[in-house]
Amino acid sequence: MKGITILGATGSIGLNTLEVIKQHQDKFKVIALTANRDVEGLNALCLEWLPRYAVMADAQAAEQLEQRLKRAQLPVQVLSGKDGLIKVASLPEIEIVMAAIVGGAGLVPTLAAAQAGKRILLANKEALVMSGQLLLATVFKHDAELLPIDSEHNAVFQCIPPSHFNTTYDHSRTQLKTPSALADSGISRILLTASGGPFRHYSYEQMQTVTPEQACAHPNWKMGPKISVDSATMMNKGLEVIEACWLFSAQPHQVEVLLHPQSIIHSLVEYIDGSVLAQLGNPDMRTPIAHALGWPERISSDVKRLNLAEIGQLQFELVDFKKFPCLQLAYDAMLAGGTTTTILNAANEIAVQAFLQKRLRFTDIHRVIETTLSHLTGRIVTQLDLILEEDTRAREFATEIVNQYSTTNYH
Ligand code: NAD
Ligand code: MG
């Protein structure tokens, strides 16, 4: 039995993870579940799963949860805040940490899991975007493992030679691979597929008036609100380009984006001999979750079988970078290096939150990020406190820009 902590258990990835575990209760034991402030949600999960620990990031929510669990006479220990998250990410009795908190809040507990040498199933892409170098160095140093849950990266992971992956069991390696790493493995490029989100057919002008409800109605995936908006602006694909560069030792120009509206091919790897390997499946996150939970073995996921004859056609298109400026911003930030991607991520989180609260137009999201990036310069730093400092600085700056836009533009 492998003990598991699910960070962000009440979210879309967290719940899908529990769906897979439900089918393999002989293999996995849920030891800890966490959430931000959804007392109702975490209480229900505690009743069902009886974990040893439940953590609420919010202290007040933790108190409420504790009272409810006491009333129900459940022997669950309730913890709160960052310390609680760090504790359950590094418990000696767990082997696996599902990192499924959304946004920068996931970085510190994910790093704690790396420091404790755990198998990390990484859904929280923002952690890598904020601090790729630091997170990978920590993984190597402590013999941890980092397996991608993001469907595209999980697909690439399944299509690259095992020796290429940045976190194979190579205990002697403490550094990131060289710039020629991809070519050394015979790979010429990585193609990340993108559905194009709900506004694929919209003009830029039409996108100016879209609402959060429209942005969150993704055609193929049911996900949390932040990543849904990221998919609509295509910043999600931008964050994924950065994520791929770190996970697979790629240069930004070696990672290309291909629009594929059906989301059946989850990504492709092209080799120098002309071979292209792809991973296919119905768009259901339980597949990459089961893959990473079981790896290197395969375990069932209860995902509907792919029926290509029924689907009939798979389509592909190039991305229009002018319509989706966030994608270019992400490529540029990765090229600039250092904490430029930390700044990109921070400004994006602030802008997306403002859009979700109807304080900012959809098409002002990229403008907030652009303005923040043009005023703040990234630095080459790898210490956590300095990265978090940059993150805070960028959030403060982006908040000011949002306030300017929201008073002048939104109605
Ligand atoms: P979600 O909004 O559905 O869930 C987020 C979870 O994180 C919840 O449990 C919430 O309580 C917790 N949380 C939020 N803010 C927190 C904070 N400040 N401190 C502690 N916990 C906090 O999000 P999701 O769609 O499940 O996405 C989670 C992560 O997985 C994101 O990084 C996302 O990019 C990534 N991801 C999601 C999908 C998907 O299909 N949903 C696919 C690929 C990658
Ligand atoms: Mg993805």
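Q: Hi! How do the axes of helix α11 and helix α12 cross, and how close do they come?
A: In this predicted model, the axes of α11 (residues 225–233) and α12 (residues 235–247) come within 5 Å and cross at roughly 95 degrees. Axes are lines fitted to C-alpha atoms, for helices over the stretch in contact, with angles from 0 to 180 degrees between N-to-C directions. Helices are DSSP runs (H or I, at least four residues), and strands are E runs of at least two, numbered from the N terminus.

Q: So what do we call that arrangement of α11 and α12?
A: α11 and α12 are roughly perpendicular to each other, a term that covers 65 to 115 degrees.

Q: Which residues make the contact?
A: Ile227, Asp230, Ser231 and Thr233 of α11 meet Met235, Asn236 and Leu239 of α12. Contact requires C-beta atoms, placed from the backbone, within 7 Å.

Q: New topic: where is Thr10, and is Thr10 buried or exposed?
A: Thr10 sits in the loop between β1 (2–7) and α1 (12–22). Thr10 is buried because 24 other C-beta atoms lie within 10 Å; buried takes 20 or more, exposed 12 or fewer, and partly exposed is in between, with C-beta atoms placed from the backbone.

Q: What does Thr10 touch beyond its sequence neighbours?
A: Leaving aside neighbours within four places, Thr10 contacts Ala35, Asp38, Gly41, Leu42 and Leu45.

Terms used: Residues are numbered from 1 along each chain as its sequence is written. Chains are lettered from A and ligands numbered from 1 in the order in which they are written. This is a predicted model: local features need pLDDT of at least 70, side-chain atom pairs count only at pLDDT 80 or more; totals for chains, interfaces and linings use all residues. Two residues are in contact if their C-beta atoms, placed from the backbone, lie within 7 Å. Angles under 35 degrees count as roughly parallel, over 145 as roughly antiparallel, 65 to 115 as roughly perpendicular and the rest as oblique.
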